[in-house]
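Work through the exercises below with the sequence and the model at hand. Each task is followed by a solution in steps.

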Amino acid sequence: MSEDSPASAPTKTWLVLRSGPLAGTRYLLQEGVLKIGRAADNDIIVSGQQSATASIYHLEITSDGGRYRVRDVGSTNGTFVDGEQISDAELHPPSVIRLGTNGPEFAVTTEYLETSELDRTLVIPAGIQIPTTPSEREAGKPAAGGHDGLLFEAVRRARRARAEGRGDQTLMLMRDVLSHALRRNSSRFRLTIWFLVVALVGTSAFSFWKLSALRREKLTIDARIRQIEIKLEQDETPQEAERLISELSTYQDEARSLERNVLYRYAVRQQQNFITNEIRAIMAEFGAETYSVPPEFEQGVLKYIEKYRGPDRPLMEKALNQGVGRLTEMRAMLEAEKLPPDLAYIPLVESALAPKQVSAAGAAGPWQLTSATARALGLRVDGGVDERLDLHKSTRAGCRYLRNLILDFGSGSSVMLALAAYNLGPTRVKQAVMKVVEDPIKQRNFWYLYRARALPAETREYVPKVFSAIIIGRNPARFGF
């Protein structure tokens, strides 16, 4: 507590959101536990673009007698206090908590209620009168009419609230006194009030009409997008596929424009299922956002999730339980290389994190690198030593390989193309796409290539498979692991 704030002054400690469209929102830290995460039963729910790095249950803040501690509850992307990753730490204003390396931030701040704030002179609107009562005059109290009476009443009630431990209600009590005075003098303001009511009704009616129009337009566009996506799943000619993708792009641009409308953004909530939201969160992390996720891609993700929960459950269970330490190490190494940490689930798909796994094609280790690729990345592979089997060395090599693939393919969806190339090889991916389109921009757009079926079937299966592993890895309890 600072020297300027007396020990007797009541205090409140707040958690203030510092990022996103709702920056400045305050949450009072009360005795007990406050939970933060994406799930609906958290005390503070992280949603929208802010949720990309937040886990379903990310962290807890415990308040006990004016002392505060923050604890990470096994989040995927970690919890940071003043830039340092923590598992459990004490909070002191003005600490800053961040969910993940680039996630939403909350500042811890303490508010002191000074006596001077309660005695501050109020500016009273002209014409407000509070009638004088004989009992007040007889008791020697200030006259309850005019500014003096109003000020006396407001300060008296505020001081009484502070004495009862309700010092945070000062402004509310002041407003209540003003409201009382206005009601007593409503005849002076009746015309103004009616004017405001009419204006409010008119504004509400216009807003309702505008929202209804936006919803109808959005539903029409979404229905048309679904129709086009369904057609693209059929074996259309390259010319017809090109026309449909161009039309789809136009509709997606229109839908994004609608969503940027302030009225729509704050009044209409998108109704999407959990898997769709998770796919979008991963795509945001990878920089491969698309308004519409192809139904075939989403069905592929669902198919592999069910496979991991069914026939391949032992592999997934072993990887998530026994390999949790290896996953944590690989995520940290990827993050240190400025790569998406969720790419650590590639080895889970490739080898189920078995360090000595060797494929029929001769690929080995958790990252399933061939001998030629491993040597090109600086690993030793000979009769005496095979560094592909070393988790740390092979992960560093995997980071170099992924970085090279991302830089090689460039563009906004380069991480997605890097996934495709990791499975198929960069040369074969380039050969496949150059047979279909000559536009260099489209050749680097994963979603265009996916919809145009330019990528081989094996790769079209591989990318959703990685997504399914990431979704399960980020939400193991939801899928029974």
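For sorting residues, Ala, Val, Leu, Ile, Met, Phe, Trp, Tyr, Cys and Pro count as nonpolar, Asp, Glu, Lys and Arg as charged, and the others, Gly among them, as polar. The model is predicted, with local features needing pLDDT of at least 70 and side-chain atom pairs pLDDT 80 or more, while totals for chains, interfaces and linings use all residues. Numbering starts from 1 along each chain as its sequence is written, and side-chain values use heavy atoms, without hydrogens and water.

**Exercise 1. The second largest cavity**

Find which residues line the second largest cavity, and sort them by class.

Step 1. A cavity is a set of points on a 1 Å grid over the protein atoms alone where a 1.4 Å probe fits but cannot get out; lining residues have an atom within 4 Å of a point.
Step 2. The lining consists of R38, A54, S55, I56, T76, N77, R474 and N475.
Step 3. Sorted by class, this lining has two nonpolar, four polar and two charged residues.
Step 4. The space inside is about 30 Å³, a volume being the space filled by probe spheres set on the points, which are joined across faces, edges and corners.

**Exercise 2. The largest cavity**

Determine which helices each supply at least two residues of the lining of the largest cavity.

Step 1. Two cavities of 30 Å³ or more are present, and the volume of the largest is about 50 Å³.
Step 2. Its lining is made up of E229, L232, E233, P294, E296, Y450, R451 and R460.
Step 3. Helices are DSSP runs (H or I, at least four residues), as strands are (E, at least two), numbered from the N terminus.
Step 4. By class, the lining of the largest cavity holds three nonpolar, no polar and five charged residues.

**Exercise 3. Helix α15**

State how many residues of α15 are buried.

Step 1. Buried means under 20% relative accessible area, exposed over 50%, and partly exposed in between (1.4 Å probe, protein chains only).
Step 2. In α15 (residues 414–424), 10 of the 11 residues are buried, among them M416, L419 and Y422.
Step 3. Just after α15, G425 has a positive phi of about 100 degrees.

**Exercise 4. S19**

Is S19 buried or exposed?

Step 1. Locate S19 in the loop between β1 (11–17) and β2 (26–28).
Step 2. S19 counts as buried because its relative accessibility is 19%.
Step 3. The side chain of S19 reaches the backbone nitrogen of E105 at 3.1 Å.
Step 4. Leaving out residues up to four places away in sequence, S19 touches Q50, P104 and E105 (contact: heavy atoms within 4.5 Å).

Note on methods: On a 1 Å grid over the protein atoms alone, a cavity is a set of points where a 1.4 Å probe fits but cannot get out, and a pocket is an open set with protein on both sides within 12 Å along at least five of seven lines; lining residues have an atom within 4 Å of a point. A polar contact is a pair of N or O atoms within 3.5 Å; within protein, one must be able to donate a hydrogen and the other to accept it, and residues adjacent in sequence count only if both atoms are side-chain atoms.
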